[in-house]
Structures are given as structure tokens and as C-alpha cells.
2 protein chains.
Amino acid sequence: MDYKSLFSAQTIGMRASMIRELVATTKCIPGLISFAGGFPSPLTFPREILAKMYSEVILENGNDILQYGSSDGDTILKQELKKWEGMPDLPDSEILITSGATNGIYLYVKSLIESNDVIIIEAPSFLGSLIAFEGMSAKLVGIELDEEGIRTDLLEESFKKHGKKIKFLYLIPEFQNPSGITMTTARRKQVLEIASHYGVPILEDVPYEALRYSGEKPDSLYKMSKDSHPGLVTLIKSFSKILGPGLRLAYAIGHKELITKMGLWMQKVNVSVDCVTQRAVARMMSKGLLKPHIESIQAFYKPLRDTMLAALEKYMPETVSWTVPDGGMFIWVFLPEQLNADELFVSARENRVAFIPGSKFYPLGSETYNALRLNFSYPTAEQINTGVERLAHIIKEASGK
Amino acid sequence: MDYKSLFSAQTIGMRASMIRELVATTKCIPGLISFAGGFPSPLTFPREILAKMYSEVILENGNDILQYGSSDGDTILKQELKKWEGMPDLPDSEILITSGATNGIYLYVKSLIESNDVIIIEAPSFLGSLIAFEGMSAKLVGIELDEEGIRTDLLEESFKKHGKKIKFLYLIPEFQNPSGITMTTARRKQVLEIASHYGVPILEDVPYEALRYSGEKPDSLYKMSKDSHPGLVTLIKSFSKILGPGLRLAYAIGHKELITKMGLWMQKVNVSVDCVTQRAVARMMSKGLLKPHIESIQAFYKPLRDTMLAALEKYMPETVSWTVPDGGMFIWVFLPEQLNADELFVSARENRVAFIPGSKFYPLGSETYNALRLNFSYPTAEQINTGVERLAHIIKEASGK
């Protein structure tokens with residue numbers, strides 16, 4: 001069979017994650033310290049609790065949860081989520097349980113996007129979403145960030161320029177991947193004003209929300225606009241960084257009409273989320289075990305972030321700067337203008353330290369080369385210290401050339 | 001927000017499952033006996049075994065299986081599946097683990113289908129697949145079945161007529177839903193000959209394969225064509241009817257190039273299948289617990305099928321006939337030509353018995369009305385007996401009008 005001639009245009013045009021490929025080139029290098037991945041530390045996974053929850057729900061509710069479940073999600077999990085979100089009166093029809101955040105984003109995009117529709121994104125942004133958007137033949141327009149979040153002057157320009165072709169604005173307002181930046185409350189207000197003025201829906205992706213180590217939590221865009229502009233924002237939250245991404249569990253909260261359509265796509269794509277996993281997590285929440293677990297994760301990651309910030313301060317030359325994230329898993333490093341992080345990656349790997357070059361987080365054709373992303377959630381404090389020292393050495397060498 | 005004006009054309013065109021809506025109208029009717037659903041009996045779910053497997057794998061392998069998993073599936077589960085399928089040498093790259101059979105079918109369709117491509121299906125066929133295909137803007141062409149399976153004379157005509165517009169042929173060759181028919185080996189050979197001659201790939205969906213109560217198992221189309229026409233057939237198998245559909249676990253075996261593309265779509269759609277569930281099932285297989293469990297399910301369902309066949313024999317008028325399935329969950333009943341099962345459904349519901357009218361299993365516009373589907377996996381033997389008696393009574397009444 002010659003499948004090449006049978007593949008759909010979207011399938012032929014798909015690209016795999018370049019990050020995966022890059023990370024693969026760093027495997028099996030003895031002694032390599034990697035700041036490249038975006039993995040949570042397995043030391044934070046609540047193994048004992050989950051083993052107990054799964055076992056209990058299967059024994060007690062097996063007849064129910066091993067049967068076909070609702071495409072829009074388990075009502076018992078929805079109850080727990082509504083309590084957790086402090087919105088006990090939210091109608092069930094405004095929540096959809098999804099097989100991870102990526103699945104929720106896919107269903108959102110599938111509900112809205114036609115070929116050549118425009119999606120406005122932060123630049124840089126999460127590569128996984130970018131390639132998913134491109135895979136649906138959408139056109140990506142990246143808007144620069146400053147230290148307060150997406151630049152609203154450029155955003156408004158873009159809204160004017162692309163007009164009705166724009167289907168939505170994709171934002172990661174908290175500890176953004178890859179930049180680590182959190183959008184300020186003032187900036188959030190501006191963004192909501194502009195988006196509602198131009199009638200552009202917002203997809204608010206907050207995978208790292210629970211991983212806050214300092215600073216005050218600002219209200220989500222969803223919460224800020226719930227009463228003034230109902231339905232404008234769809235919020236996507238995930239359990240991946242809290243319980244473990246192997247579980248594939250997240251949820252979307254938004255406009256009833258949109259959530260309904262996403263649920264219809266869920267019927268076709270997955271039928272439903274794994275019902276056993278849904279109920280196991282609901283049980284963990286109902287027993288009050290989620291909050292203390294999150295506190296233990298925060299306590300685990302905070303010293304790693306602090307170690308990385310201190311190491312950057314200690315080893316990096318003055319020409320290098322970086323963001324100081326209040327949470328999440330990433331720090332974004334700005335290099336002197338003449339340096340290219342794609343080239344630096346090769347010499348860094350030779351010196352047994354890895355990161356992701358900043359260019360990988362931009363839509364094709366609008367890359368920036370003098371930045372890089374460091375992950376601090378996976379390595380140990382000792383590795384962070386040694387790895388940053390190695391990296392600083394390479395940057396100094398490259399700068400001297 | 002006015003989402004109506006933002007939805008994509010495919011989203012606007014989506015229809016929900018009419019079966020779900022029909023089944024919903026039979027809920028809360030006291031004493032109603034339903035042959036309408038397609039649910040496995042919860043009495044067949046291996047609760048104790050699964051509770052143990054989940055708990056053990058999370059405790060022993062939590063660091064691994066709670067982490068991000070491979071988009072094409074867990075290698076340990078693949079090992080077990082290859083042994084189970086009697087193909088220990090099958091490359092891992094020819095298997096994709098999916099979130100249920102529907103997810104596998106979705107990824108297959110997504111890899112191949114453009115708007116207005118043609119998919120050839122059996123008529124009647126599984127409604128879930130039909131609405132998924134329609135949802136991707138494909139054109140469905142139904143080919144009649146006889147007692148040996150899809151009619152190859154009509155199939156060849158259709159291949160000639162639609163030529164290059166055809167992307168694939170979708171078949172449920174074993175205990176077909178809804179007809180209960182199993183394709184004979186002779187018919188399988190003919191189908192493979194024609195499909196390979198015209199270069200049309202086959203998607204072979206066998207969700208009920210393990211539920212065989214009588215007769216000899218024919219080789220799958222996949223197995224029959226593996227050496228002579230490698231890559232022609234993609235096989236989809238599911239754990240839904242064996243362990244419980246709440247689990248969302250299935251797998252696809254096929255051409256490496258196609259499986260690779262399906263895996264890339266998986267990255268965008270779900271990232272991966274729930275890794276905990278994959279490993280729990282792998283453990284159940286490695287401990288040799290799957291085979292005896294399947295035997296116990298077969299022993300559970302066989303008497304139900306036999307009871308329904310005996311009741312049909314006992315109560316139905318001579319003008320009614322039906323298929324005699326060797327397995328699965330459904331019997332297809334042919335009514336006298338002047339009867340309309342859509343109308344019969346209403347009077348049946350009033351008489352506290354439900355089924356699915358045959359018309360629901362055809363592409364829109366090519367319905368047949370004088371047939372209906374009965375499910376025997378969910379009701380008890382007593383309910384089957386009483387329900388068939390009620391149904392026969394209504395058919396006799398309607399025939400007499």
C-alpha cells in the first residue's frame with residue numbers, strides 16, 4: 001500500500017515536536033545535565049495516595065466507572081471541581097472533563113478553526129499548542145511579551161489588521177511556558193477590554209497555576225470576566241503537573257454553547273475520558289488530600305527555583321539577563337544579541353548541559369535566536385548549580401569569540 | 001459572546017448520536033425492558049483484579065507511569081499485545097495504543113480524510129463510526145450485507161463508480177453491529193482481492209471478537225492479508241467489551257507509515273493514552289489473567305444469546321425473521337415489509353419494551369425501515385423472555401392493522 005498518496009493535506013503538513021527531537025539528541029550522554037525537558041519531578045507524584053484511590057473506587061464503584069461514561073465528564077468529579085474552584089453554583093454544562101489540557105485545547109480548536117483562520121498567540125509560547133494549531137491549518141500571529149505579559153498595543157494592532165479572520169487569542173498568563181512571566185492584573189484588564197471590544201474569545205491555559213512559590217495570585221482572566229463578559233474566556237486547567245501527566249486529566253470551563261460543541265467532538269475523538277481516573281481523582285479531592293499534596297509540591301520546587309536563580313546570579317556574565325518567575329517550571333534567559341542559542345545548544349551539549357533554544361517557541365518564520373529556556377523542576381539542586389556553571393562558561397566563551 | 005458565528009463548518013454540521021437520544025426517551029419508564037443499549041453487563045467487569053493491578057502498578061512503577069508517556073503507547077503493553085496476538089516479532093512501530101476503538105478510528109480517519117472523500121461502509125453499520133465519519137465531512141456509501149457479509153458484487157461496482165475519491169473501506173467482520181453477521185472466510189478472500197485490486201485500504205474494527213459463543217473463529221482480514229498484501233488492512237481491537245468501556249483502551253495494528261501518522265495525531269489530540277491504565281492492563285495480561293476472564297464472560301453471555309434466540313422462536317410470528325449471531329451483543333430482526341420500526345418503537349415503548357429501529361444504522365438518506373436491533377448483553381434472561389414476548393405482541397398487532 002502506498003499511503004503517501006492517501007494522506008490528507010493536514011497529515012502531510014504535520015510536524016513533530018522539535019523539542020522532542022532535540023531532547024532525544026541529549027539522551028545517553030553520560031553526565032549530561034538537562035534543563036531541556038518540561039517534565040514534573042517524579043518525586044512529586046502521590047503514588048501511595050493514588051494507588052489507594054484507584055483501588056477503592058474500582059472496588060466500590062466498579063460497576064459504574066468501568067461502564068461507558070458521559071462524554072462531557074463524570075458528574076462526581078465535576079462536583080469536586082466546582083467546590084475546588086469556589087464556584088459551587090456553576091452549571092455542569094459549563095465544564096468539560098478532558099484527557100489532559102492538550103485534549104481540551106484540541107477540542108476547542110476543532111470547534112472553532114477552519115483552514116487559514118488566525119489564532120493570536122504570545123511569542124514565545126508553548127510549542128505543543130503551536131504545532132497543534134498549525135496542524136489544523138490555522139495561521140499563527142505572535143505578539144511580543146514584556147515583563148507584564150502580552151503587549152496590548154501590538155495586540156490591538158493585530159486585532160485591527162486581521163479582523164474577522166481571528167478566531168481566538170491563546171494565552172498562558174501564569175508562569176508562562178517558556179518565558180516564566182505572569183501577566184499583571186492591570187495587563188489582564190487591558191487584554192479583556194480589547195478582546196471584548198473586538199469580540200475575540202480567549203483560551204486561557206494555566207497548567208502551572210498550582211505551582212506558585214512566591215507573590216500574590218492574580219485572578220484568572222476567566223474569573224475577572226465571568227460577570228462583565230460572560231463566555232469570553234475559556235479556562236483550561238490540568239492535573240498533569242500536580243498528580244502526574246501520565247494520568248491525562250484536565251478540564252475546561254467556559255460558555256455553555258462552546259462546551260457543548262467540545263463535548264460533541266469528545267464523543268467522536270475519545271467517547272469520554274478514562275472514567276476510572278476521573279473518579280480516582282474525585283475521591284482524592286473529596287477526601288481533602290489534594291490541597292496538602294499541592295503544598296508539598298510547592299515546597300519541593302521552590303528551593304529548585306531559588307537555586308537556579310542564585311546560580312544564574314553567581315555564574316552568568318553581566319551581558320546575560322533572565323526572568324524571575326513566581327512559579328511554574330521555567331526561566332527564560334536573554335543572551336547578548338550576537339549570540340544564537342541554536343548554535344550554543346551544540347557546544348553546550350558537548351559540555352554536557354542541555355536547554356531548549358528560544359527559537360523553538362515561535363511560529364515558523366518569526367523566530368528570535370538570542371534566548372533560551374531553562375527547566376528547574378526535573379534536575380536536582382546540585383545538578384542545577386553545576387549545569388548553570390557549565391552553561392555560563394560556554395556563554396562566556398561564545399561571547400568572547 | 002456569540003459563538004454560533006465562530007463555529008467551524010464541521011462543528012455546525014455535527015449531529016449527536018440519535019441512539020443516545022432514543023435511549024434517553026426510554027429512561028425513567030417503570031418496568032421498561034430495554035434491548036436498546038450497546039452496553040456490556042457490569043457483572044462481567046473484573047473489579048477485584050483491576051483494583052489489584054492498578055494499585056500494584058502505581059506503587060511499583062508510579063515514577064514511570066505517572067510521567068509523560070509515549071504518544072504511540074507503552075512498550076510493556078505492546079509486548080503483551082504482541083504475545084496475545086501471536087505475533088511476537090511484530091515491530092512496535094506497527095502498533096498504536098489508543099484511547100478506545102473510537103479514538104483509533106478517529107486518528108485513522110484524521111490521517112486520511114479530506115472533505116468529500118468517500119468512505120465505503122457496510123449498510124447497516126455502527127452508528128458511532130458513521131457520525132464520526134460524517135463529522136469529518138466524508139461522504140458515506142453503504143453496501144448491503146447478506147448472510148455471508150458485505151456483498152462483493154455491489155462493493156466492486158462501488159469501487160468502479162467512486163474510483164480515486166474512495167479513501168478506505170470500513171468493516172466490522174465479526175458479529176457485526178448491528179446485524180450480528182460474521183463474514184465468512186470465502187467472502188473475506190473476495191473482499192481482500194477486490195480491495196487490493198482497486199488499492200483501497202481496509203479498516204477492520206473487531207470490538208466483539210472475544211465474545212464468541214459458538215462456531216469457528218475465522219482469521220481476521222488483517223491476518224489473511226498480512227503477507228500477501230502487507231499494509232492493506234488496519235486492525236482495531238478494544239478492551240471495552242472485555243474489561244469495561246470506562247477504561248478507554250484499544251489498539252491499532254497496521255502499516256508502519258500510517259501508524260506513525262496516527263501517532264503524530266495522537267500527540268496533538270491526547271498526547272498519549274492514560275499511562276496508568278495501559279500498564280494496569282499489561283500487568284493483568286502478563287499474569288495470565290485475561291484469558292480465564294474472557295472465558296468467564298463468554299460463559300456469562302452465551303445463555304443470554306440462547307435465551308433471546310429461543311424467545312424469538314417461541315413468540316415471533318412467522319413473518320418475522322432474524323440473524324443467529326455466533327457472538328457479540330446483537331441480533332438483527334427483519335420485520336414484514338409494510339412495518340416501520342421507527343413507528344413500532346413508539347408503541348413498544350408504551351408497552352415497556354425498547355429496541356433501536358434499524359433505520360438508525362444507515363447513512364442519512366439511505367435508510368431501511370423494516371428492521372430493528374436487539375441487544376442481549378445487558379438485560380437478564382427473565383427480562384429477555386418477557387421483553388421478546390411483549391415485542392412479538394406489538395408486532396402482531398401492528399401487522400394486523
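A residue is classed as buried if 20 or more other C-beta atoms lie within 10 Å of its own, as exposed if 12 or fewer do, and as partly exposed in between, with C-beta atoms placed from the backbone. By this criterion B:Phe175 is buried, with 25 other C-beta atoms within 10 Å. The structure is a predicted model, in which local features need pLDDT of at least 70, side-chain atom pairs count only at pLDDT 80 or more, and totals for chains, interfaces and linings use all residues. Residues are numbered from 1 along each chain as its sequence is written, while chains are lettered from A and ligands numbered from 1 in the order in which they are written.

The C-alpha trace of chain A spans about 65 × 55 × 50 Å along its principal axes. For 401 residues a compact globule would have a radius of gyration near 21 Å, and the 21 Å of chain A agrees with this; the radius is taken over C-alpha atoms, and the globule rule is 2.2 Å times the number of residues to the power 0.38. Of the 401 residues of chain A, 54% count as buried. Contacts are assigned where the C-beta atoms of two residues, placed from the backbone, lie within 7 Å. Among the contacts in chain A with a separation of 6 or more, 76% are between residues 24 or more positions apart.

Chain A is divided into domain 1 (3–45 + 292–400) and domain 2 (47–286), with bounds that come from an automatic or database domain assignment. The C-alpha centres of the two domains of chain A lie 24 Å apart.

Between the chains, 62 residues of chain A are in contact with 62 residues of chain B. Helices of chain A that each supply at least two residues of this side include H1 (9–13), H3 (47–65), H5 (101–112) and H6 (127–135). The largest share, 10 residues, comes from H3(A). By class, the side of chain A that touches chain B has 32 nonpolar, 22 polar and 8 charged residues.

Chain A is superposed on chain B by a rotation of 180° with 0.0 Å of shift along its axis (RMSD 0.0 Å). The two copies are thus related as by a two-fold rotation axis; superposition is by least squares on the C-alpha atoms of residues with pLDDT of at least 70 in both. A:Ser55 is the residue of chain A that comes closest to the rotation axis, at 2.8 Å (C-alpha). The same surface serves both copies, as 100% of the contact residues of chain A recur in chain B.

Helix H5 of chain A is mostly covered, 12 of its 12 residues being buried. The buried residues of H5(A) include A:Asn103, A:Tyr106 and A:Lys110. The 12 residues of H5(A) should span 16 Å at 1.5 Å a residue, and the end C-alpha atoms, 17 Å apart, agree with this; the expected span is 1.5 Å times one less than the number of residues.

Several loop residues were also examined. B:Phe39 is found in the loop between strand E1 (33–34) and helix H3 (47–65) of chain B and is partly exposed, with 17 other C-beta atoms within 10 Å. Not counting residues up to four places away in sequence, B:Phe39 touches A:Gln67, A:Tyr68 and B:Tyr378.

A cis peptide bond joins A:Ala123 and A:Pro124, with omega about 10°; A:Pro124 is placed in the loop between strand E3 (118–123) and H6 of chain A. In chain B, the peptide bond from B:Asn177 to B:Pro178 is cis, with omega near 15°. B:Pro178 is found in the loop between strand E6 (166–171) and helix H8 (185–198) of chain B. B:Phe175 also has its place in the loop between E6 and H8 of chain B, and its phi is near 50°, a positive value in a residue other than glycine.

Notes: Helices (H or I, at least four residues) and strands (E, at least two) are DSSP runs, numbered from the N terminus. Ala, Val, Leu, Ile, Met, Phe, Trp, Tyr, Cys and Pro count as nonpolar, Asp, Glu, Lys and Arg as charged, and the others, Gly among them, as polar.
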